[in-house]
Amino acid sequence: MMAPARDGSSVPAAAPGLSDASLAGEAGVADFLALVRQRERGKLKLYIGSAAGVGKTYRMLVEAHELHRRGVDVVIGFVESHGRAETESLIQGLEIVPRKRIEYRGVVLEEMDVAAIIERRPEVAVVDELAHTNVPGSPHAKRWEDVIELLDAGINVISAVNIQHLESLNDVVAETLGVTVRETVPDWIIGAADQVVNLDISAQDLRQRLLEGKIYAKEKIQAALANFFTEENLTTLRELALREVASSVDRTREHIVRRENGGADRPAAVDRVLVAMSSDTPHTAALLRKASRIAGRLNTDWFCVYVQTPEESADRIDASVQRRLVDNIQRAQAMGAEVVKLTHRDVVHAITHFAREHGVGLILAGRSRRGWLHRVLRGSVVGRLINNTAGIDVLVVADTDARGGGEA
């Protein structure tokens, strides 16, 4: 199986057990090595997998050994073997930056020491489990934020994440797999990676690896097979991973075309996406995730637009509503949206005018939950958006359950 890299190349996604040369993927290592040698802001190589056990950590360590063999100064920033003999054997022979010990509620826990890595100044740091939540008291709340600091310091990073941790897929995973993923990574991290490699393995092979004790301890195997590691779940996750990396390759190809055309931006298109965000809705997160996925599939920009009316001015808006609004704005930014705040008495006029000016072809809005009397007396924002005269398509997202939808 060939795994597409973000730069359009392919590297072999072999399963553990093959020789170092076949596992490392000469083309992939050479491509990343060329990026490393540029040595400006750090470069990010990201391995994506459908689930635990596909070989992400193994492949990162094999690549680290290959880079070291080629004279690259590489260290392990953070890798957890989880008791896997294959992983532990590959950690040997690589320099490990000592972890930082943090006391939390009477227990001493270990986290990656970002400051120590920056002081050490390696060319490449291997950092596993990108979606990990750091212990309270750490410099950053999430490990992906640690990685950004390393990149800003000029250190190249090889990292890994499972597809279910992608923020915009949170609702999809919950609805199709029945699993709520608490730790997520913003979509723009994937988009900003210099190389993205999918490690593809069939559901049957992954379940076999689980049965052989290569993923979890014996006492956890049967529960895993019956719950998360069902063939249906693994097949769904595999498809999501393949689609995400395919979208990454498409984005890269577009960047290459634009660079070859002299760096000129493409003309204002009619395929950009806009989310009409209300100030006080409990389901905006689901609406933003849907917009992020649609924009990703269309390989286009997307906006999150909030229109502040006189009734929601700073001196009149409720404090709890203001907090939720700020949270949703930060969530939209984390997913890669350009957040725009407009001030106008007429929400629909402001949104449609902005959409025309910025080449928006699709507006997403949540189904209104206001009563019929409010709609009769003050009109329906969603209804007026649907009947816009600008020729812009409108997708109304229903509140299917407590997690879904949104409103405008």
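If you want to find one spot where they line up, look for Leu274, which stands opposite Ile363 in strand 14. Keep in mind as you look around that this is a predicted model.

Those two strands belong to an open sheet of five strands, in the order 13-12-11-14-15, with parallel pairing. Which strands stand at the edges? They are strand 13 (338-343) and strand 15 (393-397), and each has a single partner strand, so one side of each is left without a neighbour in the sheet. The sheet isn't flat either: the twist averages 25° from one strand to the next. As background, strands of a sheet pair through backbone hydrogen bonds, either parallel or antiparallel.

Now slide over from strand 14 to strand 15. Strand 14 covers residues 360-366, and five bridges hold it to strand 15 in the parallel sense. You can pick out a couple of partners here: Leu364 has Leu395 of strand 15 as its bridge partner, and Ala365 has Val396 in that strand. How many residues of strand 14 are buried? Seven of its seven residues are, so this strand is mostly covered.

Some of the surroundings of this sheet come from a helix. Helix 12 (residues 284-298) packs on the sheet and touches strand 11 (272-277), strand 12 (302-308), strand 14 and strand 15. Compare directions and you'll find that helix 12 makes about 175° with strand 11.

One of the pairs to look for is Val126 with its bridge partner in strand 9, Ile158.

Let's zoom in on one residue of strand 9. Ser159 is found in this strand, which spans residues 156-162. Is Ser159 buried or exposed? Its relative accessible area is 0%, so Ser159 counts as buried. Who does Ser159 touch, once you leave aside its neighbours within four places in sequence? Its contacts are Leu44, Lys45, Leu46, Tyr47, Met60, Val127 and Leu130.

Helix 6 takes in residues 143-152, and it is mostly covered, with seven of its 10 residues buried. The buried ones are Arg143, Trp144, Asp146, Val147, Ile148, Leu150 and Leu151. Just after helix 6 comes Gly154, with a positive phi of about 90°.

Next up is a pair of helices. Two packed helices are described by the angle between their axes and the distance between the axes. For helix 9 (residues 203-211) and helix 10 (residues 218-226), the axes come within 9 Å and cross at roughly 155°. An angle over 145 degrees counts as roughly antiparallel, and that is therefore how helix 9 and helix 10 sit relative to each other. Helix 9 brings Arg207, Leu210 and Leu211 to the contact, while helix 10 brings Ile221, Gln222, Ala224 and Leu225. Sorted by class, that contact has five nonpolar, one polar and one charged residues.

Helix 9 has buried residues too: Ala203, Leu206, Arg209 and Leu210. Seen down the axis, the buried residues of helix 9 fall within an arc of 120°, so they line one face of the helix. Just after helix 9, Gly213 takes a positive phi of about 75°.

Last stop: Arg84, in the loop between strand 4 and helix 4 (85-91). Arg84 has a relative accessible area of 18%, and buried means under 20%, so Arg84 is buried. Not counting residues up to four places away in sequence, Arg84 touches Ala52, Gly53, Lys214 and Ile215. The C-alpha atoms of Arg84 and Tyr216 are separated by 8.5 Å, although these residues are 132 residues apart along the chain.

How values were computed. Residues are numbered from 1 along each chain as its sequence is written. This is a predicted model: local features need pLDDT of at least 70, side-chain atom pairs count only at pLDDT 80 or more; totals for chains, interfaces and linings use all residues. Side-chain values use heavy atoms; hydrogens and water are left out. Helices (H or I, at least four residues) and strands (E, at least two) are DSSP runs, numbered from the N terminus. Buried means under 20% relative accessible area, exposed over 50%, partly exposed in between (1.4 Å probe, protein chains only). Contact means heavy atoms within 4.5 Å. Two strands pair if DSSP finds at least two bridges between them. Axes are lines fitted to C-alpha atoms, for helices over the stretch in contact, and angles run from 0 to 180 degrees between N-to-C directions. Angles under 35 degrees count as roughly parallel, over 145 as roughly antiparallel, 65 to 115 as roughly perpendicular and the rest as oblique. Ala, Val, Leu, Ile, Met, Phe, Trp, Tyr, Cys and Pro count as nonpolar, Asp, Glu, Lys and Arg as charged, and the others, Gly among them, as polar. The arc is that of the directions from the helix axis to the C-beta atoms.
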